[in-house]
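Reader: I would like to go through this structure by question and answer. Please keep to what can be computed from the atoms.

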Amino acid sequence: MNQQDSIKLVEQYYAAFNGGDMDTFLNLLTDDVIHDINQGRREIGKDAFTQFMACMNNNYKEQLVDMVIMATENGKRAAAEFVVLGEYIKTDEGLPAAQGQKYRLPAGAFFEIRDNKVARITNYYNLQDWIAQVSES
């Protein structure tokens, strides 16, 4: 695996996400994938990630734009910076009520790559910014 392979993998990962192709999206993960949820817990395993994505897809409609992807020379680590264009369609537990609010949120992600698959994904965005956007009337 090299730098270009890792960049292509992350491109495929986000293309599948944006296309709503959860089968392809999940098949790009290792079985023991580590998922560090923004300002939250760490989950391990493809099953946990699948459940997380089912909840996300139920509560939010999102497209990721303005994508910039970087990777180390050896291809073992990668990062992406992007903007989330979203719609909050169903209330997520512990968060403000959903009323179809639209939001625009800068975000980033860090990846570890093993055997041409995503072995770790760590997502970052400003949760307070998101809450402020969906709380405006």
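Author: A residue counts as buried when its relative accessible area is under 20% and as exposed when that area is over 50%, with partly exposed in between. The model discussed here is predicted.

Reader: By that definition, is F49 buried or exposed?

Author: The cut-off for a buried residue is under 20% relative accessible area. F49 has a relative accessibility of 2%, and therefore F49 counts as buried.

Reader: What pattern of helices and strands does the protein chain follow along the sequence?

Author: The secondary structure comes to four helices and six strands. Read along the sequence, their pattern is α-α-β-β-α-β-β-β-β-α.

Reader: What percentage of the 137 residues is buried?

Author: The protein chain exposes about 7700 Å², of which carbon and sulfur atoms supply 48%. Buried residues make up a share of the 137 residues that comes to 43%.

Reader: Among contacts between residues at least 6 apart in sequence, what percentage joins residues at least 24 apart?

Author: Contact here means heavy atoms within 4.5 Å. Of the contacts in the protein chain between residues at least 6 apart in sequence, the share that joins residues at least 24 apart is 56%.

Reader: How far apart are the mean positions of the positive and negative charges?

Author: The protein chain has 13 positive and 20 negative charges. The distance between their mean positions is 2 Å.

Reader: Which residues do the ring pairs link into a cluster?

Author: A search of the whole structure finds 13 aromatic pairs. In one of them, Y13 and F25 have ring centres 4.5 Å apart and planes at 35°, so this pair is tilted. The cluster linked by ring pairs consists of Y13, Y14, F17, F25, F49, F52, F82 and F111.

Reader: How many residues apart in sequence are the parts that Y13 and F25 tie together?

Author: Y13 has a relative accessibility of 3% and counts as buried. Y13 lies in helix α1 (residues 3-18) and F25 in helix α2 (residues 22-27), so their pair ties together parts whose separation in sequence is twelve residues.

Reader: What is the geometry of the F25 and F49 pair, and which helix holds F49?

Author: F25 is buried, with a relative accessible area of 2%. The ring centres of F25 and F49 are 5.9 Å apart and the planes lie at 35°, so this pair is tilted. The pair ties together parts 24 residues apart in sequence, because F25 lies in helix α2 and F49 in helix α3 (residues 46-59).

Reader: Leaving out residues up to four places away in sequence, which residues does V33 touch?

Author: V33 is in strand β1 (residues 29-36), and its relative accessibility of 0% makes it buried. The residues touched by V33 are E43, I44, G45, K46, F49, V118, A119 and R120.

Reader: Which residues does T30 touch on the same terms?

Author: T30 also has its place in strand β1. T30 counts as buried, at 8% relative accessibility. Not counting residues up to four places away in sequence, T30 touches K46, R114, K117, V118 and A119.

Reader: With which residues is N59 in contact, leaving aside neighbours within four places in sequence?

Author: N59 is found in helix α3 and is buried, with a relative accessible area of 4%. The C-alpha atoms of N59 and K117 are separated by 27 Å. The contacts of N59 are E87, Y88, I89, K90, T91 and D92.

Reader: What is the phi of D66?

Author: Most residues other than glycine have a negative phi. D66 is in strand β3 (residues 60-71) and counts as exposed at 54% relative accessibility. D66 is not a glycine, yet its phi is positive, at about 55°.

Reader: What is the phi of N116?

Author: N116 is found in the loop between β5 (101-114) and β6 (117-125). At 44% relative accessibility, N116 counts as partly exposed. N116 is not a glycine either, and its positive phi is about 60°.

Terms used
Residues are numbered from 1 along each chain as its sequence is written. This is a predicted model: local features need pLDDT of at least 70, side-chain atom pairs count only at pLDDT 80 or more; totals for chains, interfaces and linings use all residues. Side-chain values use heavy atoms; hydrogens and water are left out. Helices (H or I, at least four residues) and strands (E, at least two) are DSSP runs, numbered from the N terminus. Buried means under 20% relative accessible area, exposed over 50%, partly exposed in between (1.4 Å probe, protein chains only). Accessible areas come from the Shrake-Rupley method with a 1.4 Å probe; for residues, only the protein chains shown count as cover. Lys and Arg count as positive and Asp and Glu as negative; His and the chain ends are not counted. The place of a charge is taken as NZ of Lys, CZ of Arg, CG of Asp or CD of Glu. Rings of Phe, Tyr and Trp (its six-membered ring) pair if their centres lie within 6.5 Å; planes under 30 degrees apart count as stacked, over 60 as edge-to-face and the rest as tilted.
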